[in-house]
Amino acid sequence: MFEAALLVCLAAAPASCVELTDTRGPYETEKACEVRVDEMAEFTTENHLFELNIRWNCSKAEGLKT
């Protein structure tokens, strides 16, 4: 199982970052997690007025059977 997360930073203030965690997962495959991360990133960039730097991660969910 994989959990999706984004690290969103303002391009003009790279030290000002916010971690966004998914509320729908975890996902059975890394590919499914990556699809969700893309969806989250698209929503974030479409609804923000400033240029953003986004990093993403799909990590194995702790305590869940894989």
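Is T44 buried or exposed? I looked this up first, and T44 is buried, at a relative accessible area of 13%. Here buried means under 20% relative accessible area, exposed over 50%, and partly exposed in between, using a 1.4 Å probe and protein chains only.

Some ground rules for my notes. I am working with a predicted model, where local features need pLDDT of at least 70, side-chain atom pairs count only at pLDDT 80 or more, and totals for chains, interfaces and linings use all residues. Residues are numbered from 1 along each chain as its sequence is written, and side-chain values use heavy atoms, with hydrogens and water left out.

Next, the surroundings of T44. I found T44 in helix α1; helices are DSSP runs of H or I with at least four residues, strands are runs of E with at least two, and both are numbered from the N terminus. Its side chain comes to 2.8 Å from the backbone oxygen of M40. Setting aside neighbours within four places in sequence, I see T44 in contact (heavy atoms within 4.5 Å) with L6, V8, L20, L52 and I54.

Then I followed M40. With the neighbours within four places in sequence left out, M40 touches A4, L6, L20, T21 and D22. M40 also belongs to the largest nonpolar core, which has 11 residues, including A4, L6, V8 and L52. Such a core is a set of buried Ala, Val, Leu, Ile, Met, Phe, Trp, Tyr and Cys residues joined through side-chain atoms within 4.5 Å.

Last, I checked T23. T23 sits in the loop between β2 (13-21) and α1 (30-46), and T23 is exposed, with a relative accessible area of 75%.

Notes
Polar contact = N/O pair within 3.5 Å; in protein donor to acceptor, adjacent residues only side chain to side chain.
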